[in-house]
2 protein chains.
Amino acid sequence: MQIPVIRNVLEANEKMADKVRERLSGRDILALNLISSPGAGKTSLLERTLRDLAGKFRMAVIEGDLQTSNDAERVAATGAQAVQINTEGGCHLNSDMVSRALDKLSLDGVDILFIENVGNLVCPVEFDCGEDAKIALLSVAEGDDKPEKYPLLFNLAKAMVLNKIDLLPHVDFDRARARAFAVKLNRSLEIFELSCRSGEGLEAWYRWLEKARAGKMRGRTG
Amino acid sequence: MQIPVIRNVLEANEKMADKVRERLSGRDILALNLISSPGAGKTSLLERTLRDLAGKFRMAVIEGDLQTSNDAERVAATGAQAVQINTEGGCHLNSDMVSRALDKLSLDGVDILFIENVGNLVCPVEFDCGEDAKIALLSVAEGDDKPEKYPLLFNLAKAMVLNKIDLLPHVDFDRARARAFAVKLNRSLEIFELSCRSGEGLEAWYRWLEKARAGKMRGRTG
């Protein structure tokens, strides 16, 4: 009984995700779904990115949380458009929530849409939100075994951001081990080591965003 | 359609959880369900506790992970009995998994059973595993807003372990803010600030375990 119910939920989600993707692609908007544990630094990465690339791109953010609008407020303080989704206990966003959030954004001229998922390394991975790519974040404070223990995310993500590298001297985290696991799961995974606190390593992430957005434009004209 | 299905799943889980609880209470075993984000330090806390209290208690561990038996191996290296459950993608343990894991442990003389749940601040909270108490772990690297953003765990837990306090000089974490949110959700919450790396603060946690185990004994005879 249980399996068909779950399958229907996932199928309905995928249909709506395709509609979201069409809607965004029609406007050349690159959509990125940020997934990580709670506290890995998704909002901090967005705050830095929105500020540092404000002159280059128009960006909008959909924030997902069980409760509070803290993250949407942090993001809006950078000047970017932000909408908060409260899942009220729900452990992941889905494409229907994203579709309804899009109705509350002004999409004219937007180049990049960031979807910050609920902090959870498991459930959000299964629900396509209509994004072009999933971005996995991992903080070095979480331990280097996380790609091995939560493989699906690292398998499906286009890029992995290894955040909080300023803490490396103070934690037992073997970068080579984390990278080796992640690459074993996904040979084409792009990896960025950075610190949102010190700013180290952000440039490579920004260059990748520019390339990804340019690729999205070519995808439309090509 | 979806709500009745979920309700049935939760009801079935609670029935089995009560059976697990009876089975453990019949042997005076204190059962604690450890819940946190990935990488907050559940396994590290167990490694320290199992080593430091080995002379006082007989302890056993049920380890929950999507994949790998890394954590059961780490815990078994302390000399404690350990069983690994692999949920293969499942985002939480449930009472049926725990019941089957108990069949693989020798429960004779065991004083404390630790259940280390899947790293996830959301889903494990909803599924009673037959424990006497849920223990919430939070690492200071995750940010002081987590009790506010993931309230159900901190509302239901008997104790909160604030781990990795050795990192406090290197992160923006306001202890008073985290504690205030947590206590607002749960006035009787016991809070332990400690570092599994330096050992600081572990004594208070050990004293609480001794008291909780003594309380369990009285619960039987009283």
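Trainee: Is strand 1 (residues 30-35) of chain A enclosed by the rest of the structure or open, and how many of its six residues are buried?

Mentor: Happy to start there, with a predicted model in which local features need pLDDT of at least 70, side-chain atom pairs count only at pLDDT 80 or more, and totals for chains, interfaces and linings use all residues. Residues are numbered from 1 along each chain as its sequence is written, while chains are lettered from A and ligands numbered from 1 in the order in which they are written. A residue is buried if 20 or more other C-beta atoms, placed from the backbone, lie within 10 Å of its own, exposed if 12 or fewer, and partly exposed in between. Strand 1 of chain A is largely enclosed by the rest of the structure because the number of its six residues that are buried is five.

Trainee: Which residue of strand 4 (residues 112-116) of chain A is the bridge partner of Leu34(A)?

Mentor: Strands here are DSSP E runs of at least two residues, and helices are H or I runs of at least four, numbered from the N terminus. Two strands pair if DSSP finds at least two bridges between them. Strand 1 and strand 4 of chain A run parallel and are joined by five bridges. The partner of Leu34(A) is Glu116(A).

Trainee: And which residue in strand 5 (residues 133-139) of chain A does Ile35(A) stand opposite?

Mentor: Strand 1 and strand 5 of chain A also pair in the parallel sense, over four bridges. Opposite Ile35(A) stands Ala136(A).

Trainee: Is Lys164(A) buried or exposed?

Mentor: Lys164(A) sits in the loop between strand 6 (159-163) and helix 7 (175-185) of chain A. Its phi is positive, about 65°, although Lys164(A) is not a glycine. Lys164(A) has 29 C-beta neighbours inside 10 Å, so it counts as buried.

Trainee: How does Thr68(B) count, with 16 C-beta neighbours inside 10 Å?

Mentor: Thr68(B) is in the loop between strand 2 and helix 3 (70-76) of chain B. Thr68(B) is not a glycine, yet has a positive phi of about 75°. Because 16 C-beta neighbours lie inside 10 Å, Thr68(B) counts as partly exposed.

Trainee: Which strands stand at the edges of the sheet in chain B?

Mentor: Seven strands of chain B form an open sheet with parallel pairing, in the order 3-2-4-1-5-6-7. Each edge strand has a single partner, so one side is left without a neighbour in the sheet: these are strand 3 (81-86) and strand 7 (190-193).

Trainee: Which residue in strand 7 of chain B is the bridge partner of Met160(B)?

Mentor: Strand 6 (residues 159-163) and strand 7 of chain B run parallel, joined by four bridges. The partner of Met160(B) is Ile191(B).
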